[in-house]
Amino acid sequence: MDTAVFVVWLSMVVTILSRSHADRNVYPSAGVLFVHVLEREHFKGEFPPYPKPGDSSNDPITFNTNLMGYPDRPGWLRYIQRTSHSDGVLYGSPTAEHVGKATIIEITAYNRRTFETARHNLVINIMSTEDYPLPYQAEFFIKNMNVEEMLASEVLGDFLGAVKNVWQPERLNAINITSALDRGGRVPLPINNLKEGVYVMVGADVQFSSCLREVENPHNQLRCSQEMEPVISCDKKFRAQFDIDWCKINLVDITKVVTIHSNRPDPGTGVLPDIGEYNPPSESLKSRDFFADFLITLAVPSAVAMVLFTILGYSMCCRREGVIQLVHHSSIQKSTKELRSMSKNREISWPLSTLPVFSQSGEVVPPIHPDNYETTSMPLMQTQTNLQNQIQIPQQQPSGDRDNYCMSTFRRLEVNGIPEERKVAEALNL
């Protein structure tokens, strides 16, 4: 009994390993969105069990995908995995150029705990469709979704159902899905559950409905130019789950698109022509004399400098204009030194207002400035609070006694250091 159980268990293990290593074939259609989920559970059987028996295995697993024989994937195929604990997703929209060509994608899973790897191949066989491409295509921008959320079959099915209720086509397919980051959008801040946004392109076989064309009327175009939301009657059918930016909707009728054929040059085989074997230079190289280079680098600029110096010396010392300039400069310098020496030894005569004033009583009034008074510090205009520049003038008393005089104080005014003596003369005549 134990042997039979062991054989059954061994056969199950072999079956699981053979499935995990076998190539998997998928058959997408040209012009229709292709989505393939890389499930982490599919690769857990290939890695060693969890260290503790009974614990669930939740190892971090990442994936690497590339076209067999090349370092990257085909241009139409994209891959996204948000974290090492989430599944990876391959998605894209093949074109008619890839029909009939088997595309082999190598998928390598990395276990970040044990550092082991597992690999298997995904064979993509692109099939052709009868009505490829669909003539009427509309691209929607959904603001409240990330690309991996939109790629889920349930979410994508709900969106296509809402579009079908608005458009009413006989055939409706999802053509492509692009993240807003691939269109130059910014990574949103991690606040308020902000999303990156995603562009979803769908195609149908009938013309656009009147609701989809409401964004083209002038009133809604004006609101979009003012960064205001346009008024769309069918927005309520999407608002419950999808926040659509109607100003970024793009309606394309490929039946009216003019095809421009460009003549591209033949890229060739990519192999350089055979020009024979490489012939390296000989080992016996001749020595090079750098004396001529030294002369050109150093001697020539020195000679030019000497010529310019000679011309300048001749102009300043040998020509009449230069000699006149030198003499004029010397005379200015000599006059400057002479004025500076005279300013140090100058003597200023005292004005008459500073001399002693005699009264009939014989009282002598001392001069305002002593002999050692520094005239250079004398202010230009005297203020009323400067008591040093006041002078007392004898004045006759009004009692009729002409022999008695009193001393009156008058303001001594100066302008540019010169006293105004007219006031003093009038006071003496009283």
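User: A disulfide is a pair of cysteine sulfur atoms within 2.5 Å. How many disulfides does a search of the whole structure find?

Analyst: This is a predicted model, in which local features need pLDDT of at least 70 and side-chain atom pairs count only at pLDDT 80 or more, while totals for chains, interfaces and linings use all residues. Residues are numbered from 1 along each chain as its sequence is written, and side-chain values use heavy atoms, with hydrogens and water left out. Counting bonded cysteines along the chain, the disulfides follow the pattern 1-3, 2-4. The number found in the whole structure is 2.

User: How many residues apart in sequence are the parts that Cys211 and Cys234 tie together?

Analyst: The sulfur atoms of Cys211 and Cys234 are 1.5 Å apart, and with -85° about the S-S bond this link is left-handed. Helices (H or I, at least four residues) and strands (E, at least two) are DSSP runs, numbered from the N terminus. Cys211 lies in the loop between strand S10 (198-204) and helix H5 (218-225), and Cys234 in the loop between H5 and H6, so the parts tied together are separated in sequence by 23 residues.

User: What is the handedness of the disulfide of Cys224 and Cys247?

Analyst: The sulfur atoms of Cys224 and Cys247 are 2.1 Å apart. Because the torsion about their S-S bond is about -90°, the disulfide is left-handed.

User: Which class of aromatic pair do Phe159 and Phe238 form?

Analyst: Rings of Phe, Tyr and Trp (its six-membered ring) pair if their centres lie within 6.5 Å; planes under 30 degrees apart count as stacked, over 60 as edge-to-face and the rest as tilted. The whole structure holds 11 aromatic pairs. For Phe159 and Phe238 the centres are 6.1 Å apart and the planes are at 50°, and the pair is tilted.

User: Where in the chain do Phe159 and Phe238 lie?

Analyst: This pair links distant parts of the chain, 79 residues apart. Phe159 is in helix H4 (residues 153-167), and Phe238 is in helix H6 (residues 236-239).

User: Is Trp246 buried or exposed?

Analyst: Trp246 pairs with Phe238 edge-to-face, at 5.8 Å centre to centre and 75° between the planes. One aromatic cluster is formed by Phe140, Phe159, Phe238, Phe242 and Trp246. At 1% relative accessibility, Phe238 is buried. Trp246 has 4% relative accessibility, so Trp246 counts as buried.

User: Over the ring of which residue does the charged end of Arg183 sit?

Analyst: A charge sits over a ring if NZ of Lys or CZ of Arg is within 6 Å of the ring centre and within 35 degrees of the ring normal. For Lys248 the ring is that of Phe141, with the charged end 4.6 Å from its centre. For Arg183 the distance to the ring centre is 4.4 Å, and the ring belongs to Tyr199.

User: What is the order of the 4 strands in the open sheet?

Analyst: Two strands pair if DSSP finds at least two bridges between them. S1 is joined by 3 bridges to strand S7 (residues 117-125), and the two run parallel. The pairing in the open sheet is mixed, and the order is S1-S7-S6-S3.

User: In S7, which residue is the bridge partner of Asn25?

Analyst: Strands of a sheet pair through backbone hydrogen bonds, either parallel or antiparallel. Asn25 has its bridge partner in S7, and that residue is Val123.

Technical notes
Buried < 20%, exposed > 50% of the residue type's maximum accessible area, 1.4 Å probe, protein only.
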